[in-house]
Amino acid sequence: MLLMTQGREELDGLVRKRIRALRVAQGLSLEELATRAHLSQSSLSRIENGQRRLALDQLVTLARALDTTLDQLVETATDDIVTSPTIDSTHGRMRWTLKADPGMSVVRQRLTDPPPDNPARMRAHPGREWLVVLSGTAILMLGQRRFRIETNQAAEFPTMMPHAIGAGGGPCEILGLFDRDARRGHQRDNGDAQGPPE
């Protein structure tokens with residue numbers, strides 16, 4: 001079965017370039033990839049150079065041999081490359097959802113208050129969080145520990161540990177990456193200023 005889509009020639013050329021680029025990036029010779037994909041070296045060379053038609057069964061085998069998926073191998077660029085954030089002015093947040101993984105969110109937030117002194121105001125929920133301080137200094141309370149995170153430093157932690165984050169000595173701005181569980185944990189406490197995302 002041949003790869004048949006609109007813009008077949010463009011997609012055909014893109015897939016061939018992608019196969020070669022992935023092979024080179026992984027440091028594989030034609031012979032090594034051909035062996036992994038159960039093809040002859042000359043067949044693989046002709047596939048990469050456009051001298052042999054692309055067959056679906058070969059693409060599946062090549063995708064596996066290159067440690068990727070068929071979907072990724074034939075993926076085309078979409079028109080919606082640039083996205084705008086959802087803005088929450090009340091909490092000083094901007095949030096972007098990652099199209100490749102809708103469970104993940106990127107959040108940018110300005111913090112002005114220090115983290116709470118009261119451990120009862122710290123959150124714990126399933127998930128993981130990663131954040132980087134864009135400006136200022138953030139204070140991360142994690143269990144009984146206190147971490148000072150300066151501009152351009154990052155922190156990553158499991159969110160089952162009680163945690164809270166705030167500004168240290170003046171406003172700070174953070175950019176965080178939150179998985180679905182971490183985001184849900186913060187959504188439940190949306191009005192509380194001690195957590196980055198909605």
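Which residues of the largest nonpolar core touch the most other members? Let's find out, keeping in mind that this is a predicted model, where local features need pLDDT of at least 70, side-chain atom pairs count only at pLDDT 80 or more, and totals for chains, interfaces and linings use all residues. Residues are numbered from 1 along each chain as its sequence is written, and side-chain values use heavy atoms, with hydrogens and water left out.

## The helical core

The answer is Val15, Ile19, Leu33 and Leu62, in a core of 17 residues. A nonpolar core is a set of buried (under 20% relative accessible area, 1.4 Å probe, protein chains only) Ala, Val, Leu, Ile, Met, Phe, Trp, Tyr and Cys residues joined through side-chain atoms within 4.5 Å. Helices H1 (8–25), H2 (30–36), H3 (41–49) and H4 (56–65) each give two or more residues to this core, and H4 gives the most, with 4. Here helices (H or I, at least four residues) and strands (E, at least two) are DSSP runs, numbered from the N terminus.

Apart from this core lies another, of 13 residues, among them Val133, Ala138, Phe157 and Ile165.

## The sheet

Three strands form an open sheet in the order S6-S5-S8, with antiparallel pairing (at least two DSSP bridges between two strands). Strands S6 (145–150) and S8 (163–167) are its edges. S5 and S6 are joined over 6 bridges, and Ala138 stands opposite Ile149 in S6.

## How confident is the model?

The protein chain has a mean pLDDT (the predictor's confidence in each residue, from 0 to 100) of 82. Confidence is highest in strand S5 (residues 137–142), at a mean of 95, and lowest in helix H6 (residues 180–187), at 63.

Definitions and conventions: Buried means under 20% relative accessible area, exposed over 50%, partly exposed in between (1.4 Å probe, protein chains only).
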